[in-house]
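Please keep the sequence and the 3D view at hand while reading.

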Amino acid sequence: MSDLLALSAVEARAALDSKAISATELTTAYLAAAEDTAALNNYVLLTPDHALEMAASADARLAKGEAGILEGIPLGVKDLFCTTGVRTTACSRILEGFTPPYESTVTANLWAAGAVMLGKVNCDEFAMGSGNETSAFGPAINPWQGPDKLDLVPGGSSGGSASAVAARAALMATGTDTGGSIRQPAAFCGVVGLKPTYGRCSRWGIVAFASSLDQAGPFTRTVADNALMLQAMASHDPKDSTSSSMPLQDVAAALGQGVKGMKIGVPREYVMDGMDQDVVKLWQQGQDWLRQAGAELVEVSLPHTKYALPTYYIIAPAEASSNLARYDGVRYGLRVEAGSLDQMYEATRAAGFGEEVQRRIMIGTYVLSAGYYDAYYLKAQRVRRLIKQDFDTVFEKVDALLTPATPTAAFAVGRKIDDPVVNFLNDVFTVPANLAGLPGMSVPAGLNADGLPLGLQILGKPYDEASLYRVASVLEQAAGFTATPSRMAGGAQ
Amino acid sequence: MSQLVAGRTGDWEVVIGLEVHAQVSSKAKLFSGASASFGAAPNENVSLVDAAMPGMLPVINRECVYQAIRTGLGLKAEINLTSVFDRKNYFYADLPQGYQISQFKQPIVGAGVLRIVMADGSTRDIGIERLHLEQDAGKSMHDQHPSKSYIDLNRTGVALMEIVSRPDMRSAAEAAAYVRKLRSILRYLGTCDGNMEEGSLRADVNVSVRRPGAEFGTRTETKNLNSLRFIQQAIDYEVARQIELIEDGGSVDQETRLFDTATGVTRTMRSKEDAHDYRYFPDPDLLPLVVTQDEVDKLAAALPELPDDIRDRLINEYGLSSYDASVITEERETAKYYEAASAGQDRKLVANWMTVELFGALNKSGEGLASCKISPEMLGGLVGLISDGTISGRIAKDVFAEMFESGKDAADIVEEKGLKQVSDSGAIEALIDTVIAANMDKVDEYRGGKDKLFGFFVGQVMKQSGGQANPGMVNQILKAKLDG
């Protein structure tokens, strides 16, 4: 069974096509693996019946030679994606028991490509958090452990996605990235995570956090798997006005193209106090790998980088405060009865939203308030444009940027949750790409002194995911990252 | 024209601005594919987007955008090729999203103008400040259950045009004329059905008073008036209330008020202090709304002739009075009817017959022009009989009444009933001789200088003829006989 779990998606697809394995076998193995790693709390809902049915259909299509590009590949779905007939809560009490009668465009695309849903994976409540610690279902745990064997966070908000893929409880998983929610957990769990260009994947049917920043993307164990999954997820969707009609490049072909002749920028602002020295070393190592592979490394400057975090923490909560107004107890989800309509709203939202969500709703409401709008929201929008201009300027000279994914490796559960500002710092390297709408990818590239995975981030031009895959592929090969976490299905527990 | 209102301490000038909400005529809602039709069972026309289900996104309905542009063109307003949808945030049970998508800083239509015509035929140009698109809210029903409110989301998300005037009106009559004219333009364009009872057109009325020539006074806003009568009543009430308040040494509070249709009184809904902070910001689910000049030009080219254009034509080419021309062109159907009825006839006479006799009869019977038995050609036929002297205007009134009842042709009625005007001078002379012979005393008085008696003789002759004698000939022959 552990052999099945060791297959990459590309390998599994080949084995399925050659009938060496069946989708049902593969799905059964992953369902068992999910049970096996239940202590990591990375699934909030397993859907075995659903999964086996889908696997049986996949086998039927495989038999008829009608396989889609993800035919028979079992994956986890972040609980932010609405799935027809399957409970979807955004890991919030306020959506307790909510079962959507509709399917998000991204998951519909995945099922159309033949993928099999194992269940819904854990995340921060409404994707607000950097450690998956704000989930109403309790924290998801990172399958990696340091020498002290403490429980580590898998990162967030897509912590369940990263944890499940790393622990081999899912072959791939969907995530969403608003300020780093795919790339940071990917780095913390030693897997590959892509935040595509804003507009690349439809937002329709994904519970919204911050509409102008949210973007869905794939979690996989290899770069090639990632490209495969992106091809299935991406589409132009007329139901999402911000969805792009720019066709996806041939990302599979990009994998083998190498980086010879590419210009890779190294932004000098991507350093901060308290940064792990192993991260700095790995970043240097990454530059060397790319240089050796024939790329030209160029130091560049993104002068407004230091304003990205404060800008993000104005814009994201502002949009969230409005996006979350619909959770009012009137039509679905939790309702706490109270005297008047206003009292019902207050009681429902006080009981339904966790502390971090409430904090962001309050921040967002504040920055949009009369008298504060200009000083906060409007100014943040202006700075956002400057940050975008920084990238535009730099991308006139380089093809992609190489940065660390996170300032440190995964931290212990509970260590940072009490200080929201420290938590926010996790996103320092990832947030600018969301503000500028750029694609960004985290690739596992090494371990720190404690044996925990570290990721390198590649940022690219809008709609140029292909360049990210070219660079990521080279890094993956050079790094030869084969380490596995201690709490992996079928592995040493 | 002075429209000042006299108070105890002197004259006051009234300042009125209107915000009209006009429901866009469209098959689907502004941001969802659900039907925008009126009269469906509760919550029948509700899409996942309207109900604000998690993860649902708005997609603009281009037809609603075109309707707004057509309206803007009809108001001779500037069309903004780029406009922005904002969110207006507030909580209410019939507002599922927790915000209304509206246009705050960058509306689709900018400044324009609307010409109103008063009863005396005078015209005034009222400035249009802007027109923007926004979503309607749902409906809360508080009288269906002892302790609960019912919510109907059919109207949720239906497209509205909010049309904001400049504070250019100076009386309730002008405000009513403005709404009537706006409604007329919307109906000509087909961009709003203008049905006030069904709520397709409602007005918020901003009223203030000031001493003539002084700065604007503090205004109040009275919400949601859905008839011309209520608009005028609410304004009159507010004007009287504000003048009294100020003259008693008080001051007007800037506030939102509600109009009680039963009592004709306005009362405070919320004060300025309780005003919502709507936290407007650009809706991140929508890109800025961009239209091309080419699109605008195409819409402009396909625009129908508008009431002002027809009105000018009726005045300049047909010689109608300003007021008649306005009345006839208020509705597109009426104008069409008039054009058809007056073709080849005395244009002014047809206008007269339409505005006085036809509208009077329709008013009395409560019918609309569409169901009227008198077709435009039939009315033209009747006027033709008057013009060529076949019947007198007096007889024509009887013929008209019969036409209105039976739907028969004027010529047939005249023929059947033998109502043809007598223009035979011999017959008229004989009648006159009879009348003179029977009233010799009056003839003497007349000849002795009592000129006024001439009317008496005309009346007698007409009576004798059963109204059929040609009045012109009666006048002429009678004068010759009496003066001779």
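## Nonpolar cores

The largest nonpolar core has 233 residues, and among these L75(A), V116(A) and I458(A) touch the most other members. Here a nonpolar core is a set of buried Ala, Val, Leu, Ile, Met, Phe, Trp, Tyr and Cys residues joined through C-beta atoms within 7 Å. A residue is called buried if 20 or more other C-beta atoms lie within 10 Å of its own, exposed if 12 or fewer do, and partly exposed in between, with C-beta atoms placed from the backbone. A second, separate core of 33 residues includes L320(B), A325(B), V399(B) and F400(B). In soluble globular proteins, nonpolar side chains tend to be buried together.

This is a predicted model, in which local features need pLDDT of at least 70 and side-chain atom pairs count only at pLDDT 80 or more, while totals for chains, interfaces and linings use all residues. Residues are numbered from 1 along each chain as its sequence is written, and chains are lettered from A, and ligands numbered from 1, in the order in which they are written.

## Where the two chains meet

Chain A brings 33 residues into contact with 24 residues of chain B, where contact means that the C-beta atoms of two residues, placed from the backbone, lie within 7 Å. On the side of chain A that touches chain B, α11 (308-323) and α12 (341-352) each supply at least two residues, and α11(A) gives the largest share, three residues. Helices (H or I, at least four residues) and strands (E, at least two) are DSSP runs, numbered from the N terminus.

By class, this side of chain A has 17 nonpolar, nine polar and seven charged residues. In this scheme Ala, Val, Leu, Ile, Met, Phe, Trp, Tyr, Cys and Pro count as nonpolar, Asp, Glu, Lys and Arg as charged, and the others, Gly among them, as polar.

Helix α6 (residues 322-329) of chain B is mostly covered, since six of its eight residues are buried, namely D324(B), A325(B), S326(B), V327(B), I328(B) and T329(B). Their cover includes β6 (112-117), α5 (307-318), α7 (332-342) and α8 of chain B.

Within helix α8 (residues 347-365) of chain B lies V350(B). Why does V350(B) count as buried? V350(B) is buried because 29 other C-beta atoms are within 10 Å. Not counting residues up to four places away in sequence, V350(B) touches Y338(B), A341(B), S342(B), Q345(B), L379(B), G380(B) and V383(B).

## Backbone details

Most residues other than glycine have a negative phi, and most peptide bonds are trans. A cis peptide bond, with omega about 5°, joins G156(A) and S157(A), and S157(A) lies in the loop between β3 (116-121) and α6 (159-166) of chain A.

K76(B) sits in the loop between α1 and β3 (82-83) of chain B, where K76(B) counts as partly exposed, with 15 C-beta neighbours inside 10 Å.
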